[in-house]
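Work through the exercises below with the sequence and the coordinates open beside you. Each task is followed by a solution that goes step by step.

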Amino acid sequence: MIKYSTKRLLQSIVTVLLIATIVFLLMRMLPTDYYFTEEQLMKFTEAQKNEQLLAAGLLDPIPKQLVDFYGKLARFDFGESRRIQNGVPVVKIISTRFAISMKLGITALGISLITGVTMGTIQSRFKDKLGDHIGTAYTIFANAVPPLVSYSLVLILGTRLLNLPSMYSTRNPGPSSILPVICLCISSIAWWALWTRRYMVDEINKDYIKLARIKGMPNKKIMRKHVLRNAFVPLAQYLPASFLSTVSGSILVERFFSIPGMGPLLVDSINRYDLNVVQTVTILYATLGILGVFFGDILMMLIDPRITLTSEGGSR
């Protein structure tokens with residue numbers, strides 16, 4: 001376990017550095033005029049532009065810029081924003097937005113996980129019956145209808161029938177979070193229900209389940225103790241990744257409801273050439289993705305002790 005964790009940690013650090021380096025180099029390939037606002041481009045002379053670029057270190061050779069970037073990264077110095085919020089530390093910008101996305105994401109994930117797994121369990125237990133058909137119809141609807149259409153439907157019904165706020169408000173986060181959370185849950189519930197049903201149906205048809213029924217074990221106990229537990233093992237691998245991806249925000253949902261979360265931040269910072277924000281958000285996303293895969297492996301091992309992370313022949 002320690003050997004596996006150490007190896008994965010080193011691999012993760014290298015991967016994050018590689019991603020950060022690629023983003024760093026891509027941003028430096030853009031024309032330097034993107035560094036200035038339209039107002040600055042009209043007012044500044046070439047000498048003033050060069051002075052600003054020199055102060056920011058953008059005229060230094062790329063290797064020197066890269067070394068300086070690594071040095072700041074080692075000190076967890078992510079700099080300040082120039083466009084999103086001029087002069088504000090990037091960490092402060094991200095922490096505020098991260099908190100909003102995290103609250104919405106965790107709420108949506110909890111609802112989706114409980115609802116989706118319950119729906120999939122009911123579908124597998126009553127396979128080819130009314131409950132299964134209803135669940136299948138919902139899954140088809142969630143996957144076939146474009147997100148903007150389903151979000152618009154939720155918005156219309158929520159505002160007209162329930163009188164819920166149509167836009168997110170930091171002053172009134174409770175009621176204004178209901179519609180965004182519902183939209184985040186639509187496809188997520190369908191995903192959990194689909195795969196829970198599929199894995200549980202596979203387990204139900206196995207010999208050990210048939211043997212348990214022959215021995216007279218109650219059906220509810222079979223479903224809960226054996227079928228659901230074994231079927232959830234492959235799903236558990238994606239649970240940490242799902243959790244970490246929800247806290248990073250949803251670009252479409254957060255733009256649709258004007259939520260000042262993490263979702264639109266990367267796109268906005270790229271469009272506005274805010275170098276420090278782009279680099280920091282990219283590193284954050286890469287770290288969350290890698291941690292999701294790592295914790296997924298750990299969770300699978302905890303649920304099913306038969307799974308080992310290493311073997312005599314090497315790593316898993």
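A residue is called buried when its relative accessible area is under 20%, exposed when it is over 50%, and partly exposed in between, with a 1.4 Å probe and protein chains only. This is a predicted model, in which local features need pLDDT of at least 70 and side-chain atom pairs count only at pLDDT 80 or more, while totals for chains, interfaces and linings use all residues. Residues are numbered from 1 along each chain as its sequence is written, and side-chain values use heavy atoms, with hydrogens and water left out.

**Exercise 1. Determine whether Ala193 is buried or exposed, and find which residues it is in contact with beyond its neighbours within four places in sequence.**

Step 1. Ala193 belongs to helix α9, where helices are DSSP runs (H or I, at least four residues; strands are E, at least two) numbered from the N terminus.

Step 2. The relative accessibility of Ala193 is 0%, so the residue counts as buried.

Step 3. With contact taken as heavy atoms within 4.5 Å, and with neighbours within four places in sequence left aside, Ala193 touches Gly116, Met119, Gly120 and Gln123.

Step 4. For a C-alpha to C-alpha distance, take Ala193 and Ile114, which are 79 residues apart in sequence and 9.6 Å apart in space.

Step 5. Gln123 lies in helix α5 and, at a relative accessible area of 2%, is buried. Apart from neighbours within four places in sequence, its contacts are Gly131, Asp132, Gly135, Thr136, Ala193 and Arg197.

**Exercise 2. Compare the span of helix α6 with the expected one, and state which of its residues are buried.**

Step 1. The expected span of a helix is 1.5 Å times one less than its number of residues. Helix α6 (residues 130-144) has 15 residues, and the 21 Å from its first C-alpha to its last is close to the 21 Å expected.

Step 2. Asp132, Gly135, Thr139 and Ala142 are the buried residues of α6. They cover an arc of only 95° around the axis, which puts them on the same side of α6; the arc is that of the directions from the helix axis to the C-beta atoms.

Step 3. The buried residues of α6 pack against α5 (90-125) and α9 (178-204), whereas the face turned away from the buried side carries the exposed residues Leu130, Ile134, Ile140 and Ala144.

**Exercise 3. Repeat the analysis for helix α7: what covers its buried residues, and which residues on the other side are exposed?**

Step 1. In α7 the buried residues are Ser150, Tyr151, Val154, Leu155 and Gly158. Their arc around the axis is only 140°, which puts them on the same side of α7.

Step 2. The cover over these buried residues includes α9 and α13 (251-256), while Arg160 and Leu161 are exposed on the other side of α7.

Step 3. Just after α7, Asn163 adopts a positive phi of about 55°.

**Exercise 4. Classify the ring pair of Phe69 and Tyr70 and that of Phe256 and Phe257.**

Step 1. Rings of Phe, Tyr and Trp (its six-membered ring) pair if their centres lie within 6.5 Å; planes under 30 degrees apart count as stacked, over 60 as edge-to-face and the rest as tilted. By this rule the count comes to 7 aromatic pairs.

Step 2. The ring centres of Phe69 and Tyr70 are 5.9 Å apart and the planes meet at 40°, so the pair is tilted. Phe69 is buried at 11% relative accessibility, whereas Tyr70 is partly exposed at 32%.

Step 3. Phe256 and Phe257 form an edge-to-face pair, with 5.1 Å from centre to centre and 70° between the planes; Phe257 is buried at 1% relative accessibility.

Step 4. Ring pairs also link Phe24, Phe69 and Tyr70 into a cluster.
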